[in-house]
Amino acid sequence: MRQTALLSRRTAKEILRDPLTLFFGLGFPLILLALLTAIQANIPEKLFVLDQLAPGISVFGLSFLSLFSALLLSKDRGSALLLRLYTTPLRPVHYILSYMLPLLPMALLQSLVCYGFALILGLPWSWNLLLCLAVTIPVSWIFIALGLLFGSLLNEKQVGGVCGALLTNLTGWLSGIWFDVNLVGGAFLTAAKLLPFYHGVALARAAYAGTLTEHLDHLWVVLAWGAALTAAAMWAFLRQMRKN
Amino acid sequence: MNAIETHGLTKRYGALTAVDGLELTVRRGELFALLGVNGAGKTTTIKMLSCLTRPSAGEALLLGKSVVREPEDVKRLIAVSPQETAVAPKLTVRENLELMAGIHGAGRSAAREKARELAARFSLEEQMDRQAGKLSGGWQRRLSIAMALILEPKILFLDEPTLGLDVLARAELWEQIRALKGEITVILTTHYMEEAEALSDRIGVMGRGRLLRVGSAAELEAETGADSLEAAFIALAKEGKV
């Protein structure tokens with residue numbers, strides 16, 4: 001437990017001391033929120049209404065967690081820091097938890113800042129916002145597991161491409177944040193519903209609307225993806241550990 | 001009891017035999033250098049001795065503990081300073097040292113005290129609050145070795161400790177390594193012949209996964225009729241044995 005805490009603190013420091021983390025993790029979602037709200041104020045159609053937009057961007061912001069943790073892990077592998085740690089009496093569970101646990105409070109902080117800013121922009125206050133923070137936990141689990149998975153499989157450069165470009169775009173386009181995926185239909189809709197991002201956004205929106213109990217099917221999909229991705233990430237981490 | 005004893009230690013990767021029936025003995029407190037060209041089996045040997053990879057056959061005992069049957073016990077006896085920089089770049093020098101001490105079970109105040117001791121020993125005091133990633137290569141290497149020593153190992157593996165360092169930084173690091181002699185057992189791998197000659201009590205020359213010669217620099221020179229360790233090493237290479 002003590003060793004996990006030590007390594008977790010180190011993970012948190014490494015991530016939080018990177019200025020890019022602060023920009024992409026906190027600043028970028030807020031810029032998007034402000035920009036789309038400004039656009040909404042100047043168009044007659046209801047495209048970017050805050051009660052739909054804020055939960056969506058909150059989930060979108062979580063996709064950067066994958067980038068941060070995958071980058072850290074791939075750098076650790078590249079720099080031989082992990083090799084050094086593998087010769088200490090630490091066990092695999094210490095490493096896996098230390099790359100996952102510190103990301104959870106960061107996810108909560110990210111959502112808190114996102115909803116806080118949305119309130120400033122005009123999102124009506126509701127106690128349901130506490131539910132929105134609560135659903136951040138299962139939704140962030142998906143992105144945290146993806147970070148461990150990609151960090152175990154890819155090198156630093158590949159992580160930049162896969163997590164920095166591909167994953168954030170997949171999360172953005174296939175989650176229904178910017179438009180209703182039902183309007184597109186076909187294979188796009190099928191892909192969106194197969195992947196967890198759409199369900200994460202739907203869950204966050206239902207939490208704000210106070211209709212969470214009617215949309216628990218989204219929660220089950222999110223939890224199933226979280227469990228499957230964690231299993232895959234653990235397999236990938238142990239595999240690279242054995243290869244070292 | 002010897003620090004290290006290997007008996008028929010072998011590592012195979014598919015059809016390739018990286019280390020072939022290694023028989024090696026390293027005495028306690030000795031500084032032992034492993035020499036060999038790339039692919040000679042040095043790194044694989046170190047990986048087996050430090051429990052990073054499991055031998056395909058044979059056995060290695062570190063202070064009587066088996067790397068095959070008691071890897072957790074072996075890990076409590078050893079520390080490794082890898083060839084590549086192995087520091088946490090966004091942590092300060094102090095945090096890096098305290099992290100390693102903590103991982104090995106030191107409480108917060110003990111970790112702080114150990115970090116102070118090691119910083120003084122490696123003249124790192126003025127760098128304590130700088131992030132490790134912002135240090136020069138020489139300081140990072142010094143920190144890397146200090147991080148290994150903070151674990152108070154009985155056996156220390158140094159993999160190419162001065163690779164890429166300038167002459168001054170190398171000389172300073174040599175002094176630090178020399179100071180370890182007799183205190184702990186050090187296994188050094190290096191490509192620099194003068195480094196092996198200057199620092200080690202005995203040298204093992206590896207080639208094609210086998211230990212070809214063991215002796216002091218003078219003994220190896222005498223055996224090959226060469227006037228320097230480098231010439232002795234080249235003579236062995238020309239015999240096609242390395």
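A: Happy to! This is a predicted model, in which local features need pLDDT of at least 70, side-chain atom pairs count only at pLDDT 80 or more, and totals for chains, interfaces and linings use all residues; side-chain values rest on heavy atoms, with hydrogens and water left out. Residues are numbered from 1 along each chain as its sequence is written, while chains are lettered from A and ligands numbered from 1 in the order in which they are written.

Let's begin with the overall build. Chain B has nine helices and 10 strands, where helices (H or I, at least four residues) and strands (E, at least two) are DSSP runs numbered from the N terminus. Chain B is as compact as a globular protein of its length, because its radius of gyration of 18 Å is close to the 18 Å that the globule rule gives for 242 residues. That radius is taken over C-alpha atoms, and the rule is 2.2 Å times the number of residues to the power 0.38. Along the principal axes, the C-alpha atoms of chain B fill a box of roughly 55 × 40 × 35 Å.

On burial, 55% of the 242 residues of chain B count as buried; that means under 20% relative accessible area, with exposed over 50% and partly exposed in between (1.4 Å probe, protein chains only). Contacts are heavy atoms within 4.5 Å, and of those in chain B between residues at least 6 apart in sequence, 64% join residues at least 24 apart.

Now to the strands. B:Val19 sits in strand E2 (residues 16-26) of chain B and is buried, with a relative accessible area of 0%. Apart from neighbours within four places in sequence, B:Val19 is in contact with B:Leu9, B:Thr10, B:Lys11, B:Gly41, B:Thr44, B:Thr45, B:Met48 and B:Gly209. Strand E6 (residues 78-81) of chain B holds B:Ser81, which counts as buried at 3% relative accessibility.

B:Ile203 has B:Gly215 in E10(B) as its bridge partner. E9(B) and E10(B) form a hairpin with two residues between them, and B:Arg208 in the turn has a positive phi of about 50°.

Most residues other than glycine have a negative phi. B:Cys51, in the loop between helix H1 (42-49) and strand E4 (57-62) of chain B, has a positive phi near 65° and counts as buried at 16% relative accessibility. B:Leu63 lies in the loop between E4 and strand E5 (65-66) of chain B, with a positive phi near 50°; at 14% relative accessibility, B:Leu63 is buried as well.

How does the interior come together? A nonpolar core is a set of buried Ala, Val, Leu, Ile, Met, Phe, Trp, Tyr and Cys residues joined through side-chain atoms within 4.5 Å. The largest has 127 residues, and B:Leu97, B:Leu143 and B:Ile203 are among those touching the most other members, as are A:Leu85 and A:Tyr95. Helix H3 (residues 50-79) of chain A gives the most to this core, with 14 residues. A second, separate core of 26 residues includes B:Ala3, B:Leu9, B:Phe32 and B:Met48.

B:Arg142 lies over the face of B:Trp139, at 4.6 Å from the ring centre, and B:Arg170 lies over that of B:Tyr192, at 3.8 Å.

Finally, over in chain A, A:Phe23, A:Phe24, A:Phe28, A:Phe60, A:Phe64 and A:Trp178 form one aromatic cluster. A:Phe23 counts as partly exposed at 40% relative accessibility, and A:Phe24 does so at 27%.

How values were computed. Two strands pair if DSSP finds at least two bridges between them. Rings of Phe, Tyr and Trp (its six-membered ring) pair if their centres lie within 6.5 Å; planes under 30 degrees apart count as stacked, over 60 as edge-to-face and the rest as tilted. A charge sits over a ring if NZ of Lys or CZ of Arg is within 6 Å of the ring centre and within 35 degrees of the ring normal.
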